[in-house]
Amino acid sequence: MTSKAKAKSMILEAVHETAVDLHRLGFIDKRKMRKFDALGLAPIPEYDSVKIRALRKQFQLSQAVLACVLNTSLSTVRKWEIGEKHPSGPSLKLLNLLERKGLEAVL
């Protein structure tokens, strides 16, 4: 349960703050709190081929190492970088985490 997440709007931020307080007081369980956290979080941005390549070069990783870090195949990373495919699901979240928090957060 994170109260530091950036909310989509002021209304959602207020609702989330109230939910955090209710959780702290024991009126909302962990499962409901996770739902409130998910509702209030900003969406994960899309990653195109240029952005993925720039991110990989920023951390000085080869395609093979990036694939290992993201638990995906080398061919998938190659296809992302040439624009044949686009990351989704867990890979998209891991790319966003890598960009925001750095390599240590993903390892």
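This is a predicted model: local features need pLDDT of at least 70, side-chain atom pairs count only at pLDDT 80 or more; totals for chains, interfaces and linings use all residues.

**Entry 1: A charged network**

I began with Arg-53, which is partly exposed, with a relative accessible area of 30%. Residues are numbered from 1 along each chain as its sequence is written, and side-chain values use heavy atoms, with hydrogens and water left out.

Next I asked which residue forms a salt bridge with Arg-53. The partner is Glu-81, and the closest N and O atoms of the two are 3.8 Å apart. This pair links distant parts of the chain, since Glu-81 is in helix α5 (residues 74-82) and Arg-53 is in helix α3 (residues 49-58), 28 residues apart. A salt bridge is a side-chain nitrogen of Lys or Arg within 4 Å of a carboxyl oxygen of Asp or Glu, and helices (H or I, at least four residues) and strands (E, at least two) are DSSP runs, numbered from the N terminus.

I then found that Glu-81 also meets Arg-56 in a salt bridge, with 2.5 Å from N to O. This second pair again links distant parts of the chain, helix α5 for Glu-81 and helix α3 for Arg-56, 25 residues apart. Through salt bridges that share partners, Arg-53, Arg-56 and Glu-81 are joined into one network. Is Glu-81 buried or exposed? I noted Glu-81 as buried, because its relative accessible area is 4%, and Arg-56 is buried as well, with a relative accessible area of 12%.

**Entry 2: The remaining salt bridge**

How many salt bridges does the structure hold? I counted three in the structure, and one of them joins the side chains of Asp-21 and Arg-24, at 3.5 Å from N to O. Both residues lie in helix α1, three residues apart, which is about one turn of the helix. I recorded Asp-21 as partly exposed, because its relative accessible area is 32%, while Arg-24 is exposed, with 59%.

**Entry 3: The whole chain**

I looked up the secondary structure of the protein chain and found seven helices and zero strands. The radius of gyration of the protein chain is 17 Å, well over the 13 Å that the globule rule gives for 107 residues, so the chain is more spread out than a compact globule. This radius is taken over C-alpha atoms, and the globule rule is 2.2 Å times the number of residues to the power 0.38. Along its principal axes the C-alpha trace spans about 50 × 25 × 20 Å, and buried residues make up 29% of the 107 residues.

**Entry 4: From helix α1 to helix α2**

I found Val-20 in helix α1, where it is partly exposed, with a relative accessible area of 23%. Met-33 lies in helix α2 and counts as buried, because its relative accessibility is 0%. The C-alpha atoms of Val-20 and Met-33 are separated by 7.3 Å, although the two residues are 13 residues apart along the chain. From Met-33 to Lys-93 I noted 60 residues in sequence and 20 Å in space, C-alpha to C-alpha.

In the loop between α1 (10-24) and α2 (30-40) I found Leu-25, which counts as exposed, because its relative accessibility is 54%.

How far from the centre of the ring of Tyr-47 does the charged end of Lys-51 sit? The distance is 4.6 Å, with the charged end of Lys-51 over the ring of Tyr-47; the term requires NZ of Lys or CZ of Arg within 6 Å of the ring centre and within 35 degrees of the ring normal.

Last, I turned to backbone angles, remembering that most residues other than glycine have a negative phi. Gln-60, in the loop between α3 and α4 (63-69), has a phi near 55°, a positive value in a residue other than glycine. Asn-71, in the loop between α4 and α5, also has a positive phi, near 55°. I noted Gln-60 as exposed, because its relative accessibility is 73%, and Asn-71 counts as exposed at 73%.

Notes. Buried means under 20% relative accessible area, exposed over 50%, partly exposed in between (1.4 Å probe, protein chains only).
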